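Please look over the sequence and the three-dimensional structure below before reading on. The briefing that follows begins with the chain as a whole and then turns to particular places in it.

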Amino acid sequence: MWKPLGAALLGATLLTHAPEVKAAGEADPLMSRSWSFTGIFGRYDQAALQRGLQVFETACATCHGLEFVAFRTLMDLGYTEDEVREFASRFWVEDGPDADGMMFERPADLPDRWPAPWANEVEAALIHGAVPIDLSLITKSRYGGANYVYSLLQGYDDEKTFELDPGNYWNRFYPGNVIGMAPPLFEGLVDFADGTEATVQQMAADVSHFLMWAAEPKLEERKRLGLGVILYTTAMAGIFYAMNRRLWANIKK
């Protein structure tokens, strides 16, 4: 009688104390970072946004667009109108029709949105093997937000990539661990205007910060408005409470 009972207890102990084993292809938990824009008083770091723009233009814009970002909004990053206009002119957008009814291309201007780097999805698929996603809302459409981008950009492993088929790359933070995007960052990729050292971690943080702004450019305004509403409702609640006490103070029960 005691032997079966002892075996059952031993089995239960082994099950409850068994080490956790990650399933094959399961993504690792995302890395976390203390972002300046989190919390009720959170604000964007303008220096990080400008560095992130540099990283995006250098490492990301060759494959990805920012469909919902108008060039004029880059002035919110601390640039002048002339600087943004010059930056926008590096890109070409389709316009028209002209007097002859033909579409034509021209340099982008302030009201234009950041274009995709390919003419259409067919061309994109021929060049990249698949259509690269637009990154305007990447931090809103992926679990983890900015931490997702921050982790993904640092999750590559060259040794494990050699075991995969050509065109595939191993990334510990990507679902399934196999991703078709080559590592976009490497040490010293950009020369930051403010002199910050361009490590992979720094560039990943800055471009994640920038993409968070791209997805929610009115975050600071929304938080200021929300804080004002909270203060207003709190003050009004206090006033109404005081009025209520005064009105009923002399009324006998």
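The accessible surface of the chain comes to about 16,500 Å², and 58% of that surface belongs to carbon and sulfur atoms; such areas come from the Shrake-Rupley method with a 1.4 Å probe, and for residues only the protein chains shown count as cover. This is a predicted model, in which local features need pLDDT of at least 70 and side-chain atom pairs count only at pLDDT 80 or more, while totals for chains, interfaces and linings use all residues. Residues are numbered from 1 along each chain as its sequence is written, and side-chain values use heavy atoms, with hydrogens and water left out.

**Confidence and overall make-up**

- The mean pLDDT of the chain is 88, and 89% of its residues reach 70 or more, where pLDDT is the predictor's confidence in each residue, from 0 to 100.
- Over residues 1-21, however, the pLDDT is below 50, and beyond near neighbours in sequence this stretch has 0 contacts in the model, a contact being heavy atoms within 4.5 Å.
- Where pLDDT is low, the predicted coordinates should not be read in detail.
- The chain contains 9 helices and 6 strands; these are DSSP runs numbered from the N terminus, with helices (H or I) of at least four residues and strands (E) of at least two.
- Of the 253 residues of the chain, 32% count as buried, where buried means under 20% relative accessible area, exposed over 50%, and partly exposed in between (1.4 Å probe, protein chains only).
- Among contacts between residues at least 6 apart in sequence, 63% join residues at least 24 apart.

**The largest nonpolar core**

- A nonpolar core is a set of buried Ala, Val, Leu, Ile, Met, Phe, Trp, Tyr and Cys residues joined through side-chain atoms within 4.5 Å.
- The largest such core has 49 residues, of which Phe-56, Phe-71, Trp-114, Leu-185, Phe-210, Leu-211 and Trp-213 touch the most other members.
- Helix H2 (46-60), strand E1 (66-70), helix H3 (81-88), helix H6 (146-152) and helix H8 each supply at least two residues of this core, and H8 gives the most, with 10 residues.
- Leaving aside neighbours within four places in sequence, Phe-71 is in contact with several residues, including Val-84, Phe-87, Phe-91, Leu-110 and Trp-114.

- Helix H2 has 15 residues and reaches 20 Å from its first C-alpha to its last, close to the 21 Å expected at 1.5 Å a residue; the expected span is 1.5 Å times one less than the number of residues.
- Among the buried residues of H2 are Leu-49, Leu-53, Val-55 and Phe-56, and what covers the buried residues of this helix includes E1, H3, strand E4 (113-114) and H8.
- At the start of H2, a side-chain oxygen of Asp-45 reaches to within 3.0 Å of the backbone nitrogen of Ala-47.
- Helix H9 (residues 219-249) has 31 residues and reaches 45 Å from its first C-alpha to its last, close to the 45 Å expected at 1.5 Å a residue.
- In H9, Leu-219, Glu-220 and Lys-223 are buried, and helix H8 (200-215) is included in what covers the buried residues of H9.

**Charged residues and their partners**

- Glu-216 sits in the loop between H8 and H9, and it counts as buried because its relative accessibility is 12%.
- The side chain of Glu-216 makes a polar contact with the side chain of Lys-140 (2.6 Å); a polar contact is a pair of N or O atoms within 3.5 Å, and within protein one must be able to donate a hydrogen and the other to accept it, while residues adjacent in sequence count only if both atoms are side-chain atoms.
- Arg-106 lies in strand E3 and is partly exposed, with a relative accessible area of 23%.
- The side chain of Arg-106 makes a polar contact with the side chain of Asp-95 (2.6 Å).

**Backbone details**

- Most residues other than glycine have a negative phi, and most peptide bonds are trans.
- A cis peptide bond joins Gly-96 and Pro-97, with omega about 5°, and Pro-97 is in the loop between strand E2 (92-95) and strand E3 (104-107).
- Asn-177, a residue other than glycine, has a positive phi near 70°.
- Asn-177 is placed in the loop between strand E5 (169-170) and strand E6 (178-179), and it counts as buried because its relative accessibility is 5%.
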